[in-house]
Amino acid sequence: MLKSKYKIIIGMVIMILVVTILIILFKDKLLKIMYPKTYSEIVSTYAEEYNVEENLIYAVIKAESNFDSNAVSNREAIGLMQIVEETAIDVANQNKIDVDTENITEELLDIDNNINIGTKYLSILLTQYGNMEIALAAYNAGIGTVNNWIEKQVIQADGSDIENIPYKETNNYVRKILRDYRVYNELYG
């Protein structure tokens with residue numbers, strides 16, 4: 001009986017070693033599966049057009065929808081970049097993006113339109129706030145909310161104290177995207 005316990009323990013140790021070695025050998029391949037660059041042509045086009053880093057766009061898509069183009073949240077955010085209709089209409093109208101605002105739900109389920117509008121909105125926020133952390137907080141919680149936090153000095157406008165973001169969801173969201181953005185940069189440069 002004692003011998004069979006040792007055999008089981010030795011077998012488990014060998015299995016753990018084999019799995020560990022496989023993970024080390026195939027880490028980048030596994031990470032590239034977990035962090036894909038799906039829709040690369042579309043992302044590249046709008047990243048260049050709106051001057052937003054591609055890897056940041058991928059990190060937002062991963063966090064928002066995990067690359068599910070048909071995703072709809074419980075707050076009615078739609079598509080890859082999870083854009084609410086009101087924001088999409090405002091961004092499209094103010095920036096002359098050619099979409100049918102009367103059928104905005106269908107337009108946002110279109111991959112090209114969703115990445116176009118989402119990237120333009122992200123670009124607007126990056127320009128408005130001048131840093132990624134606060135822009136990401138605004139992408140999640142809304143411009144009015146973030147402006148209120150800054151005005152009341154709950155958070156700093158320079159993004160130096162993102163740990164003070166009072167909404168747990170937004171706090172976690174910003175941290176997740178920053179982490180995913182670092183992973184994308186490490187994997188793809």
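**View 1. Helices α6 and α7 are oblique to each other in this predicted model.** Angles under 35 degrees count as roughly parallel, over 145 as roughly antiparallel, 65 to 115 as roughly perpendicular and the rest as oblique. Helix α6 (residues 111-129) and helix α7 (residues 132-141) pack at an angle of about 130 degrees, with their axes 8 Å apart; helices here are DSSP runs (H or I) of at least four residues, numbered from the N terminus, and axes are lines fitted to C-alpha atoms over the stretch in contact, with angles from 0 to 180 degrees between N-to-C directions. The crossing of α6 and α7 is right-handed, a term used if the near helix is turned clockwise from the far one by less than a right angle. On the α6 side the contact (heavy atoms within 4.5 Å) is made by G118, Y121, L122, L125, L126 and Y129, and on the α7 side by M132, I134, A135, L136, A138 and Y139. Of the residues in the contact of α6 with α7, eleven are nonpolar, one is polar and none is charged; Ala, Val, Leu, Ile, Met, Phe, Trp, Tyr, Cys and Pro count as nonpolar, Asp, Glu, Lys and Arg as charged, and the others, Gly among them, as polar.

**View 2. Helix α4 crosses α6 at roughly 80 degrees.** The axes of α4 and α6 come within 10 Å, and the crossing angle makes α4 roughly perpendicular to α6. T87, A88, V91 and A92 of α4 meet I117, K120, Y121 and I124 of α6, and the residues of this contact divide into six nonpolar, one polar and one charged.

View 3. The buried residues of α2 are V43, Y46, A47 and Y50, where buried means under 20% relative accessible area, exposed over 50% and partly exposed in between, computed with a 1.4 Å probe on protein chains only. An α-helix has 3.6 residues a turn, so residues three or four places apart point the same way. What covers the buried residues of α2 includes α3 and α6, while the face turned away from the buried side carries the exposed residues E41, E48 and E49. After α2 comes N51, whose phi is positive, near 60 degrees.

**View 4. D180 is a buried residue of helix α9 (residues 168-188).** Its relative accessible area is 0%. Leaving aside neighbours within four places in sequence, D180 is in contact with Y35, A59 and K62.

**View 5. N66 and S73 lie in the loop between α3 and α4.** N66 is partly exposed, with a relative accessible area of 49%, and its phi is near 50 degrees, a positive value in a residue other than glycine. S73 is also partly exposed, with a relative accessible area of 21%.

**View 6. K96 lies in the loop between α4 and α5 (104-109).** K96 is exposed, with a relative accessible area of 76%, and its phi, near 50 degrees, is a positive value in a residue other than glycine.

**Notes to all views.** Residues are numbered from 1 along each chain as its sequence is written, and side-chain values use heavy atoms, with hydrogens and water left out. In this predicted model local features need pLDDT of at least 70 and side-chain atom pairs count only at pLDDT 80 or more, whereas totals for chains, interfaces and linings use all residues.

How values were computed
Helix = DSSP H or I, 4+ residues; strand = E, 2+ residues; numbered from the N terminus.
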